[in-house]
Amino acid sequence: MADESEKKVEASQPRRRRRPSPRIDQFRRTWYFFRRNTLAMIGLGILVFFAALFVSSFFYPADPTELTTYVATNGNPVNPNATQQQICTYEPGMGELPPGPNCYATPNGMPSVIAPTVNLHPATLGPLPFGSLTQNPGSAPFYDPFDGLVKGTQWSLTVSVGVVASGALIGILAGVVSGYYGGVVDEVVMRITDIFLSIPGLLLVIIVLAVLAGSVTSLWGRMSYVIFAFVVTWWPTYARIVRSQVLITREQRYVEAAKASGARGGRILRKHIMPNSIYPVFVQMSLDVGTVPLLIAAIVFIGFRLFPVTNFPEWGTIAALSSQPSVLSGFIEVCQSQQGAACTFPWWQFLFPGLTLFLFAISVSFFADGLRDALDPRLRR
Amino acid sequence: MRLWIYIVRRLIMVIPVVVGVMTLTFLLVSAVPTSDRLASAFGVSPRLSWNQYIPCSRINPDENGTCINPAWVRGTHELGLDKPIPYQWAIYMSNSLTGKWGYVGNDSGVATTVSIARGQPVLTVLGWFLPYTLELAALALTMTLFMAVPIGNIAAVNRNRPVDQASRILSFSGYAIPDFMLGSLMLMMFVLVIGGPNVHSPFCHGQSAYTDFTGSWPPPQCFPNGVYPSWLVMGQISSPTGFPTVDALIHGQWWLALDTIIRIMIPAFVIAYGTAADLLRFVRNSMLEVLNLDFIRSARAKGLPERTVIKKHAGRNSLNVTITVLGLVFVGFLGGFPIIEYLFDLNGVGIMLAYSVTQTPYDYGIIFGSTVLFTLLIVTANLIVDVLYAYLDPRVRLG
């Protein structure tokens, strides 16, 4: 009874809400403007999807360190006792009939090329929802890109976020120090960033890894070297951005006031300058998260062994495997040997890995654009 | 300030960057195993390996019973590896600056795929391939500018209209599609669907320029008797300039020049697409800023036609900003070359880099050589861009 009466008393009094701290307030305002930007919300939606995929990829029941390989039976029934997993295929153009149920047609002369499968009767995606990813259309083994892309989410996102977070950390520290202290420190840090920025990122990653990680073969050892090499490439961008912001921030009145009231350099940096000059870095960070898998793809594409195995399930690697020049020339050879007969263009092999990279990069870029618009008062409409 | 004083000042600022990049490569080279480093610096040893110890049957054992390789001792001494690090650095710098960039290995990816490069000095090999890269770069840069500047200006003039949205999509897609995927799709399209741009050679007239894309280009059957003319064979006889198109024109083979350009047209477009996507936004934004300035209003107020205002007044002024960005864009631009050259099997520095890291043992000479070469290209490009900017905009020189 007493409790109820107390509650009543409390309710009758005007609610004393604590005013939220300025940072939460700012976050609310940013979110308000962000929400009104359609493209940014689309980007956020796709990112949420990728985040869900990331979490679920840890529970995916397959070896997360290698792409799943299948062998096409090419007109024979599936042998369940074979060492490698088999998928029943047949070539209808050669007058062959399916040797059993759940058998998939392959184009002429390409026994390892299977179009995306959908099983209508049991209403499943079939064994290869994204089709096959072949390294040689004429030979039987091929990879499963769907499986690989799902498993790859954990690696791609881990590497991207790891690279961007550590790169930003180093870049922010270097940028704040160089921007705030100026003079010789500034000059030295900026010349160092000049040096790093005048080497193409692809080359820098390759030379760092080729030299330092040549003999590292363990998965996590290799992975940390990869992240290290990317961080080496990435930090100067952040340092530049932060420095230019700090140069503006340090002339503000509140910094002057803090100095006048006797705050030390470290405190001013930590409490006043850093929080007020790192917002542009968030934008750049979210842009870069999408760029890292693209750069990985490019490096793997030219044949550099970034990961311990060639068929590592990572988005960039899968994309790079799908469009190797040797694979392309394999397709072209088969097509040209068929002398005018209709030739299958294996679009799925390029589309799905490419689409994954594309969607990820474009969603973070939409997100970053929206974030920039929401954070910058001048761009708000 | 006079323009030449600005140029000299800018040239002096180049020195720390070049020295810094070489110091960085020196630090990385120091981590390379000594035997690999010696092999790359002095070429593959004809008689003894570059290992520190060799079987004692080859040489008399020393007092400890082990046999130290005399070639190893001599090599480490010459590179200063037995001296303090600053001394090693000085030797490395002087070797780099005097063109002693080492030798291509015997069993590396470069040596197995480009047999004429085997055992040759790195600088010579890169010198053969650099003109091809420069030709591709020139074409790609032209395409980039012709794509980015007009589209960016049109997008700025029609701000937030469908044209602007389309340019935004173009720019996003260029950023998010990996260039090798765009390249391989275009390659497949040209070969399988369209049939490819045709060769104009009198001897293999009408064939697709990309059908034979895994082989050497142009194929030997395009020449009389199936033999390459002597001036075309890389590394055999010095061709007048080294640039394939220019050489072909000098020798009066206009069709070969045409074929060479046709061959690099699609690769250049793929590189230009990615770069133009970057540049487009800068052009658009700088145009928007210029369009808001007072002199544009004055020009309109005095009754000039809109076309003249945009082309003469706004366009020229926004170009200044575009030029400064070109330097930034150039880094990403050159970074695309290894990928595109590898995909289209074009001769160039980029494909050398790709071959040098494809198999172990890596070809450290080529890796570091092409890094330094690309860096020099970028530094030079930045220098040209800055000087051009100072020439166009006198305010920069005064600052």
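A polar contact here is a pair of N or O atoms within 3.5 Å; within protein, one must be able to donate a hydrogen and the other to accept it, and residues adjacent in sequence count only if both atoms are side-chain atoms. Keep that in mind for the domain interface, where 2 residue pairs of domain 1 and domain 2 of chain A are in polar contact, both at pLDDT 80 or more.

This is a predicted model, in which local features need pLDDT of at least 70 and side-chain atom pairs count only at pLDDT 80 or more, while totals for chains, interfaces and linings use all residues. Residues are numbered from 1 along each chain as its sequence is written, chains are lettered from A, and side-chain values use heavy atoms, without hydrogens or water.

**Stop 1: the two domains.** Select 30-68 + 152-381 of chain A for domain 1, then 69-126 + 136-143 for domain 2; the bounds come from an automatic or database domain assignment. Their centres, taken over C-alpha atoms, are 38 Å apart.

**Stop 2: the interface.** Domain 1 of chain A brings 15 residues to the contact and domain 2 of chain A brings 14 (contact: heavy atoms within 4.5 Å). Together the domains bury about 1,100 Å², 74% of it on carbon and sulfur atoms (accessible area, 1.4 Å probe, lost on putting the two parts together, summed over both).

**Stop 3: the domain 1 side.** Show Thr68(A), Val334(A) and Trp348(A), which lose the most area to domain 2, together 45% of what the domain 1 side buries.
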